[in-house]
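Open the model in your viewer and keep the selection tool at hand. This tour goes stop by stop: what to select, then what is there.

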Amino acid sequence: MTSKQFGGPALLLDRSDINTDEIIPAKYLTEVTKEALQPYMLEDLKLDGFDPKSEQVRQARVIVTRENFGCGSSREHAPWVFEVNGVHTIIAESYARIFRQNMFNCGMLAIELPKEDIDSLFAMGRAGQLVVDVDVDGQRLTARAGGESREFGFDISPFDKALVLAGGWVEFADARY
Amino acid sequence: MGQTIAEKIFAAHLRDEPFPGTKVLDLDRVLCHEITTPVAIADLEWRGKDRVFDPDKIKAVIDHVTPSKDSKTALQAKILRDWARRHRIRDFFDVGRNGVCHAIFPEKGYIRPGFTVIMGDSHTCTHGAFGAFAAGVGTTDLEVGILKGVCAFREPKTIRINLTGELSEGVYAKDVILHVIGQLGVNGATDRVIEFHGPVIAGMSMESRMTLCNMAIEAGGTCGICEPDRVTVDYLWPFIKDEFESPEAALAEYRRWCADPDAEYAKVFDFDVSSLEPQVTYGYKPDCVKPVAEMAGQRVDQVYIGSCTNGRIEDLREAARILRGRKIADSVRGIVSPATPQIFRQALAEGIIDVFMEAGFCVTNPTCGACLGMSNGVLAEGEVCAATTNRNFNGRMGKGGMVHLMSPATAAASAVTGVITDARELLRQPAA
């Protein structure tokens, strides 16, 4: 069982097509440890009013966002920069394929919810700090904000779930192949 | 039921289906470069699994930052170099013999129809031009590829794109793919393979097909793929002549990787390219595409001709057609990076490098560093680059910079005038 904590205070990024260059610019790909990436999360994100150095970003353990999150580069540095900042859960309408696979390969959670559920999370987040609890086994998440609480079910493929529970793809593959 | 190209390749390479819908495939090629592979190597060492599944199926190159620019990039190169030596990976390309990964590996004949190929680089889809299933992956998938020679994929669904008509003079594969991405959107092919068909493809060189497949990822596609044909065989012939009695025999063998006529597609698009004009991007997403005419006159500070999309010999030839006898504008910095040493030498032999230098271009060694602002050619805040690359994300070539994607001919014409320019105007005028 993974030691990662899924859930916690959420950061809302109300935009589609947030790309890997915005998550971690290429100039930091010269680093050879995950930890060295820590200060640079979302450094180049183009989103009105967004400050990558804000307290809200520092406290975030979950990200809620729109369509096609993580498009662009194959760099696994993108999930890693979240991992080393304690963000192990992303909730989006959809993902770019490589980014989504990288998340599960690292034993992290890339949850997909339909647009209306994402709309609800954004609406709740406008009423107060959104906090999300995730039950991976039960495939349910609970969102709380401003005294309100709502539950959402989510789908996760058996393979992706196995990767999260195994803690990643390397151990799974080396044991099996 | 007939099969698409990807379905045939999946069926032939299936090692395991650990869960319904998850296909674990045997790999024919694991390609490596110095940015995403050293972390995979370090992690394998840390896990006590410093092994490779087959040194002959692994190929590696130092591409993005070469020669190394500082201690960190020197360490990345050293990790890859030492690992290649330790595991007897013979096909390792170091400074002096190295170049852009998606140009050098096909050029060496490493990619064949029906192959499964992964690399820790999103533009690995380029290799689909040969009728291979080639997908970009992250470092963890790369690690498992190196260690076990397998990779997991979801069931591939395919979008079929039929390209009919005839490309006008001054309109290229780059304009076709920019137009297709504009139509599909950056998310239009996510989790899909894009199969390119039709007489336009049949008439394209392998270089042009690579340009087309290179940008499949910009529509979210796992792989862009073309059916192997006589053009494919002719390109590969120097590398396969000992395996087959004749090109016809090779073609007969490779045709088994073509799609069946009754294959089932997730979607089919028909594009007639006859009236297609040169295209250019205008925003921070590759699907923000317009005809050049609508962007004409916009200032550019830098022009970059190179990258895994358009740094091949035919790209340099087309740019040189515009530049011959002309100078680039005083306000413009021109940079050209031939994608491999072979392309560089060919361009020298044909006098193309001379044309670029006479025009006022800076010629760099083969590398893809400028495309993503990793080594040379970085933009300053507020600067604009006309580029033959594949990605125009905010900050891509430097924080605060703007990148407009276009064909080599459009880039060369824009270098001459200092503003975005339809190359056909210059093709019509004799150079002074």
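Which residue's side chain meets that of B:Arg15 in a salt bridge? Select B:Asp26: the N to O distance is 2.7 Å. Bear in mind that this is a predicted model.

**Stop 1**

Colour strand 1 (residues 14-19) and strand 2 (residues 22-26) of chain B. B:Arg15 sits in strand 1 and B:Asp26 in strand 2, 11 residues apart. Now check accessibility. B:Arg15 is partly exposed, at 39% relative accessibility. B:Asp26 is partly exposed too, with a relative accessible area of 26%.

**Stop 1: chain A, two strands**

Select A:Arg144 and A:Asp133. They form a salt bridge, with the closest N and O atoms 3.0 Å apart. A:Arg144 belongs to strand 6 (residues 140-145) and A:Asp133 to strand 5 (residues 131-135) of chain A, so the pair ties together parts 11 residues apart in sequence. A:Arg144 has a relative accessible area of 37% and is partly exposed. A:Asp133, at 37% relative accessibility, also counts as partly exposed.

**Stop 2: across the chains**

Show both chains and select B:Lys49 with A:Asp174. Their salt bridge brings the closest N and O atoms to 2.5 Å. This pair crosses between chains: B:Lys49 is in the loop between helix 2 (37-46) and strand 4 (58-61) of chain B, and A:Asp174 is in helix 7 (residues 169-176) of chain A. Are these two residues buried or exposed? Both B:Lys49 and A:Asp174 are buried.

A network of salt bridges links A:Glu171, A:Asp174, B:Asp43, B:Arg47, B:Lys49, B:Arg51, B:Glu143 and B:Lys148. Over all chains, the structure holds 50 salt bridges.

**Stop 4**

Zoom in on B:Cys308, in helix 11 (residues 307-310) of chain B. B:Cys308 is buried, at 8% relative accessibility. Beyond its neighbours within four places in sequence, B:Cys308 contacts B:Val100, B:His102, B:His123, B:Asn214 and B:Asn390.

Finish on B:Cys368, in the loop between strand 17 (361-363) and strand 18 (384-387) of chain B. B:Cys368 is buried, with a relative accessible area of 9%. Not counting residues up to four places away in sequence, B:Cys368 touches B:Asp63, B:His64, B:Val100 and B:Tyr304.

Key:
Residues are numbered from 1 along each chain as its sequence is written. Chains are lettered from A and ligands numbered from 1 in the order in which they are written. This is a predicted model: local features need pLDDT of at least 70, side-chain atom pairs count only at pLDDT 80 or more; totals for chains, interfaces and linings use all residues. Side-chain values use heavy atoms; hydrogens and water are left out. A salt bridge is a side-chain nitrogen of Lys or Arg within 4 Å of a carboxyl oxygen of Asp or Glu. Helices (H or I, at least four residues) and strands (E, at least two) are DSSP runs, numbered from the N terminus. Buried means under 20% relative accessible area, exposed over 50%, partly exposed in between (1.4 Å probe, protein chains only). Contact means heavy atoms within 4.5 Å.
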